[in-house]
Amino acid sequence: MSEIAARLEAAGKEYKTGESTIVALQPTTTEFRKGEITLIVGPSGSGKTTLLSLLGCVIYPTMGKVWVGDTRVNDLPERELAQLRLRQIGFVFQGFNLLAPLNALENVMHPLLLQGVSRHDARKQAMELVRTFGMEERIHNLPRNLSGGQQQRIAIARSLITDPQLILCDEPTASLDHNSARMVMEMLSQLSLENRAVIVVTHDVRLKKYADRTIYVSEGMISDTAIEEEF
Ligand SMILES: Nc1ncnc2c1ncn2[C@@H]1O[C@H](COP(=O)(O)OP(=O)(O)O)[C@@H](O)[C@H]1O
Ligand SMILES: [Mg+2]
């Protein structure tokens, strides 16, 4: 049995706005294992980003419990939550979110510098990773001088540089053309082989073929079976 990278136990999220309460995610129990890539699909507004944000320790649950590895994150103060994010979780976004004034290599180094690693060591590690991604010719480029597919490869390298056990991706292929999207998904499914859990939120059910598991979200409820498949 492979190790569990993250777990929800009856964890859910409500937002209170004025008089009304929106249940963004109903109480949810599930776990994510290392070595697996999981796709989270569902329509807009169904709760996908909320689920990912709970796993990413970006928001606290309003009910239930959340674990990342062996750490129960509910009661951790903000500071420790930030440390946990930095050490154990990698994020990949639709808009790449690279730092515009930094070149490709500096972007990959950045999380290590935040952890207090020396520039010399950070550069060395980042170079190694960038090389395995076939991006060594592009290290001096600013993000705006890279294609979308190249930016996303750099963003994935950046998410990996701290060797996190959990990689969380929100619509990572949404702004990419067909070929770049395929390359990014192949890369992400490769990463899940290496003792980490990869979780990918997407609108696109065509990406299902890259996943070990698909979770469907509908109106804040998750299910391992597609709604359509029930009929
Ligand atoms: N910060 C917030 N404040 C209030 N409502 C929110 C907030 N974030 C999300 N929601 C609501 O929670 C529901 C789920 O949102 P979200 O998780 O972003 O869905 P998805 O990523 O599937 O599009 C939606 O109804 C959304 O409007
Ligand atoms: Mg979303």
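Reader: Is the crossing of H5 and H6 right-handed or left-handed?

Author: A crossing is left-handed if the near helix is turned anticlockwise from the far one by less than a right angle, and right-handed if clockwise. The crossing of H5 and H6 is right-handed. Please note that this is a predicted model, in which local features need pLDDT of at least 70 and side-chain atom pairs count only at pLDDT 80 or more, while totals for chains, interfaces and linings use all residues. Residues are numbered from 1 along each chain as its sequence is written, and side-chain values use heavy atoms, with hydrogens and water left out.

Reader: At what angle do the axes of helix H5 and helix H6 cross?

Author: Axes are lines fitted to C-alpha atoms, for helices over the stretch in contact, and angles run from 0 to 180 degrees between N-to-C directions. Helices (H or I, at least four residues) and strands (E, at least two) are DSSP runs, numbered from the N terminus. The axes of H5 (residues 148–160) and H6 (residues 178–191) cross at roughly 15° and come within 9 Å. That makes H5 roughly parallel to H6; angles under 35 degrees count as roughly parallel, over 145 as roughly antiparallel, 65 to 115 as roughly perpendicular and the rest as oblique.

Reader: Which residues in H5 and H6 meet?

Author: An α-helix has 3.6 residues a turn, so residues three or four places apart point the same way. In H5, Gly-149, Gln-152, Arg-153, Ile-156 and Leu-160 meet Ser-180, Met-183, Val-184, Met-187, Leu-188 and Leu-191 in H6, where contact means heavy atoms within 4.5 Å. By class, this contact of H5 with H6 has 7 nonpolar, 3 polar and 1 charged residues. Ala, Val, Leu, Ile, Met, Phe, Trp, Tyr, Cys and Pro count as nonpolar, Asp, Glu, Lys and Arg as charged, and the others, Gly among them, as polar.

Reader: How do H3 and H4 cross?

Author: The axes of H3 (residues 104–114) and H4 (residues 119–132) come within 8 Å and cross at roughly 130°. That makes H3 oblique to H4, and the crossing is right-handed. The residues of this contact of H3 with H4 divide into 10 nonpolar, 1 polar and 3 charged.

Reader: What is the order of strands in the open sheet?

Author: Strands of a sheet pair through backbone hydrogen bonds, either parallel or antiparallel. Here the open sheet of 6 strands has the order E6-E7-E8-E3-E9-E10, with mixed pairing; two strands pair if DSSP finds at least two bridges between them. Strand E6 (89–93) and strand E10 (221–223) are the edge strands, each pairing on one side only. From one strand to the next, the twist averages 20°. Within the sheet, E3 (residues 37–41) and E9 (residues 213–218) run parallel, joined by 4 bridges, and Leu-39 stands opposite Thr-214 in E9.

Reader: Which strands does H5 touch as it packs on the sheet?

Author: H5 touches E6 and E7, and its direction makes about 165° with that of E6.

Reader: How many bridges pair E1 with E2?

Author: E1 (residues 4–17) and E2 (residues 20–33) pair in the antiparallel sense over 10 bridges. They form a hairpin with 2 residues between them, and Gly-18 in the turn has a positive phi of about 60°.

Reader: Why is H1 described as largely enclosed?

Author: Of the 8 residues of H1 (residues 48–55), 7 are buried, so H1 is largely enclosed by the rest of the structure. Buried means under 20% relative accessible area, exposed over 50%, partly exposed in between (1.4 Å probe, protein chains only).

Technical notes. Chains lettered and ligands numbered in written order.
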